[in-house]
Amino acid sequence: MRIPITMQQLGPDVESGEIVVWLKEIGESVVKGDPLVEVETEKAVLEMEALDSGVLVEIIAGVGTEILVGAVIGYLQAED
């Protein structure tokens, strides 16, 4: 089953963020709580943690992409 990775709200006034770097590559295993991506907001660069476990199978939002909170940035494949 594919699990969407969505842009999290990284602060009370944050409506969007820019992807600075993906900390995992396609094909890598991800465990819930792992740092997954660094996001730049108006105030800081923050790590966004994985909310689910699985294998990173698709990155939709590449480095330099501005993403709204709640938008899908990639997908995990659940490990059986």
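# Chatting through the strands, core and salt bridges

User: Hi! Let's start with V21: what is its bridge partner in β4?

Analyst: Hi! This is a predicted model, and in it V21 has E38 as its bridge partner in β4.

User: How many bridges join β2 to β4, and which way do they run?

Analyst: There are 4 bridges between β2 and β4, and the two run antiparallel.

User: And what does β4 do with β5?

Analyst: β4 pairs with strand β5, residues 45-49, in the antiparallel sense, over 5 bridges. A hairpin of 4 residues joins β4 to β5. As an example of facing residues, P35 stands opposite E49 in β5.

User: How many bridges join β6 to β8?

Analyst: Strand β6, residues 54-59, is joined to β8 by 4 bridges, and these strands run antiparallel. Within this pair, E58 stands opposite Y75 in β8.

User: E58 is a charged one. What does E58 form with R2?

Analyst: E58 forms a salt bridge with R2, and their closest N and O atoms are 2.4 Å apart. The pair links distant parts of the chain, as E58 is in strand β6 and R2 in strand β1, 56 residues apart. As a bit of background, side chains of opposite charge can pair when their charged atoms come close.

User: Why do E58 and R2 count as partly exposed?

Analyst: E58 counts as partly exposed because its relative accessibility is 31%. R2 is partly exposed with a relative accessible area of 41%. The class covers values between 20% and 50%.

User: How many salt bridges does a search of the whole structure find?

Analyst: The search finds 2 salt bridges. Besides E58 with R2, the side chains of D34 and K24 meet in a salt bridge, at 3.5 Å from N to O. This pair also links distant parts of the chain: D34 lies in the loop between β3 and β4, K24 in the loop between β2 and β3, and they are 10 residues apart.

User: Are D34 and K24 buried or exposed?

Analyst: D34 is buried, and K24 is buried as well.

User: Changing topic: which residues touch the most other members of the largest nonpolar core?

Analyst: That core has 16 residues, and I5, I19, W22, V37, M48 and I73 touch the most other members. At least two residues of the core come from each of β1 (2-6), β2, β4 (35-40) and β8 (72-77). The largest share, 3 residues, is supplied by β4.

User: Let's zoom in on V37. What is V37 in contact with?

Analyst: Apart from its neighbours within four places in sequence, V37 is in contact with I19, V21, W22, L23, L46, E47, M48 and I73.

User: L23 is on that list. Where is L23 found?

Analyst: L23 sits in the loop between β2 (16-22) and β3 (29-30). L23 counts as partly exposed because its relative accessibility is 33%.

User: Which residues make the nonpolar surface patch?

Analyst: V20, V21, L23 and V45 make that patch, which covers about 260 Å².

Methods: Residues numbered from 1 in each chain as written. Predicted model: local features only at pLDDT ≥ 70, side-chain atom pairs only at ≥ 80, totals over all residues. Heavy atoms only, no water. Patch = residues over 30% accessible without salt bridge, like charges linked within 9 Å, V, L, I, M, F, W, Y side chains within 5 Å. Areas by Shrake-Rupley, 256 points an atom, 1.4 Å probe, with all protein chains shown as cover. Salt bridge = Lys/Arg side-chain N within 4 Å of Asp/Glu carboxyl O. Buried < 20%, exposed > 50% of the residue type's maximum accessible area, 1.4 Å probe, protein only. Core = buried A, V, L, I, M, F, W, Y, C linked by side-chain atoms within 4.5 Å. Contact = heavy atoms within 4.5 Å. Pairing = 2+ DSSP bridges.
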